[in-house]
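Subject: Structure handover, with notes on the helices

Hi,

Here is the structure I promised to pass on to you.

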Amino acid sequence: MNWSTVGWIIAISVVAGWVISRAPVSILSADAVPVVVVAAVFAFLLAVALGSAVTRNQPARVVVYRLTLLIWWVILVCETVFDRVGDSTQSYESHFSVQAYGEGIVWVLAFGVLAILSLQQPNYLRHLFSGSHKWITLFALICLASVSYSAGKTYAGAWAFKLLLVILLLQFGASMLGGLSDIVTFLKVTLWAFFFLTLVPAIEALANFSTAFEGVGGRLNVNPDALSLTSASLLLLSVILYSIEKQKVFIFTGFLGSAVMLLSLGKTAIVAGVFSVMLFLLLQKQVARTAAVLLGIAAVAFVVLSVTPLASHLQSYEGAATLTGRTFIWTTAIAAIRQNWLLGHGYLSTYFSWSRNSGLVAGFVNLHNGFLEVAYNNGVIGLAVLLMIHLMILRNIFRSIRGASALRARAPRDPRSTQAYLLAVGSLALYANLTVNGLFNTTFGGRPTSPFMLFLALFVIVDLLRKQITERLANTAANVKPRRADWFPVEVPARS
């Protein structure tokens, strides 16, 4: 990190402050306040990070990685800071709210900082189309190209820009990673972003308890399916990080995640969240801890159903036969996919289901299935790339589990081997959580909101994890081939 980079970022902050100070008072409405606040906080955090790096004379790699983590955190949390609620008709006409523009400004600022950092560390750009990384780059380019024939070009173009930003940011961050501890740090930053994404909507909904449960179907007065997925992901990240570091703060974040998950009552997210937590613990043969976690979730569920009107929602629910209308949506979607099966209808065209040539059920802004979403928007070409992304994730996860098991067999008391194993099985649990949700919601393949961002981050993490484990295996003297039984933790070295 040289002084020119510091100068560029400081210059951007100064210019942004000057523009805000010179802006007419008339545009500083209540809707514009979050834009100014977030931009100011972002600039402040950048200044603090750079100031700390300069005074402590930290290595360039450390400084750049911390700045990358800061950008990642800001992009994640800004989706709940800005209220982008609107309708698809306004988006089709390119009429967006002030807060929607505000979030877009944050994306542009983040891209500008990333571009400056990339000038100092440009080598990662050569790896965008090499190895397994080429698949997520190719997917982003397919989405970007399909904007040209999307039903809402401005809307789709903005989200395609964010998708490209997220992939570039993840690739850049991956080039800075130096070991397993950096992966753990990335997960902790992601956890605190999901903590923010979980806590803020829950507080806003519960602030007025008289209307707190007037949401969809009598559930929490937010987007219950999205918040359930976010909070379930927070629960799972908390369990994984507690297993690695044993810090009590992760018990608190896990409790919050489970409570909000149950308050939101998104049925798919709850099933996927509980299943993924059990999978993570059982792969470690932690039967007692699994039972304790399940009892804890059951206790929270009992309290939630006792003190809220959510029990009546469960009693009156009649959508099980059609999966809350999803089967009808999927049937019409398959017929519409056949109309443009090769290239699709254009990125995020599902959001404009009311349009004349959509062939979809009007009124639904997504197909509640990640694979169908991509098949409709980007055709069989986009779907094939998405399937390759899933395949690459699974390949790297199982290779990491086998390699980490071999490391534990050789050095059962080595904390780094244990950490590698926990990260490997934790990645499998995260994949299970996101994929189960993706079968009934658009967790991946659509807009790059927090679940899709976590999915793309998982792709990068497991690739790095496999490489780290392979390198550690190469540095050991023993030559042990792990069996399927070795996928589980071992207490003593295996006998020859």
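How are α9 and α10 oriented to each other, roughly parallel or roughly antiparallel? They are roughly antiparallel, since angles over 145 degrees count as roughly antiparallel, those under 35 as roughly parallel, 65 to 115 as roughly perpendicular and the rest as oblique.

Before the details, some ground rules. This is a predicted model, in which local features need pLDDT of at least 70 and side-chain atom pairs count only at pLDDT 80 or more, while totals for chains, interfaces and linings use all residues. Residues are numbered from 1 along each chain as its sequence is written, and side-chain values use heavy atoms, with hydrogens and water left out.

**Overall picture**

The protein has 17 helices and 0 strands; both are DSSP runs numbered from the N terminus (helices are H or I with at least four residues, strands are E with at least two). Of its 496 residues, 52% are buried, meaning under 20% relative accessible area, with exposed being over 50% and partly exposed in between (1.4 Å probe, protein chains only). Among contacts (heavy atoms within 4.5 Å) with a separation of 6 or more, 80% join residues 24 or more positions apart.

Helix α10 covers residues 249-264, and its end C-alpha atoms are 23 Å apart. That agrees with the 22 Å its 16 residues should span at 1.5 Å a residue, where the expected span is 1.5 Å times one less than the number of residues. The helix is mostly covered, with 12 of its 16 residues buried; F250, T253, L256 and M261 are among them. The cover includes α8 (180-206), α9 (224-245), α11 (267-282), α12 (287-307) and α13 (310-316). Just after α10, L265 takes a positive phi of about 60°.

Two packed helices are described by the angle between their axes and the distance between the axes. For α9 and α10, the axes come within 8 Å and cross at roughly 160°. Axes here are lines fitted to C-alpha atoms, for helices over the stretch in contact, and angles run from 0 to 180 degrees between N-to-C directions. The crossing is left-handed, a term used if the near helix is turned anticlockwise from the far one by less than a right angle, and right-handed if clockwise. On the α9 side the contact includes P224, L227, L234, Y242 and E245, and on the α10 side F250, I251, G254, V260 and S264. By class, this contact of α9 with α10 has 12 nonpolar, 8 polar and 1 charged residues. For those classes, Ala, Val, Leu, Ile, Met, Phe, Trp, Tyr, Cys and Pro count as nonpolar, Asp, Glu, Lys and Arg as charged, and the others, Gly among them, as polar.

**α16 and the helices beside it**

The axes of α9 and α16 come within 10 Å and cross at roughly 170°, which makes this pair roughly antiparallel. Residues in the contact include L229, S233, L236 and I240 of α9, along with Q419, L422, A429 and N433 of α16. Sorted by class, the contact of α9 with α16 has 9 nonpolar, 6 polar and no charged residues.

α11 meets α16 too: their axes come within 9 Å and cross at roughly 160°, so α11 is roughly antiparallel to α16. This crossing is right-handed. The contact of α11 with α16 divides into 11 nonpolar, 6 polar and no charged residues. The buried residues of α11, including A272, G273 and S276, pack against α9, α10, α12 and α16.

N433 counts as buried, at 0% relative accessibility.

G438 is in helix α16 (residues 415-438) and also counts as buried, at 0% relative accessibility. G438 and G370 are 68 residues apart in sequence, yet 5.1 Å apart in space, C-alpha to C-alpha.

**α14**

Lastly, helix α14 (residues 326-337) has 12 residues. Its buried residues, R326 and W330 among them, pack against α9 and α15 (370-410).

Best wishes
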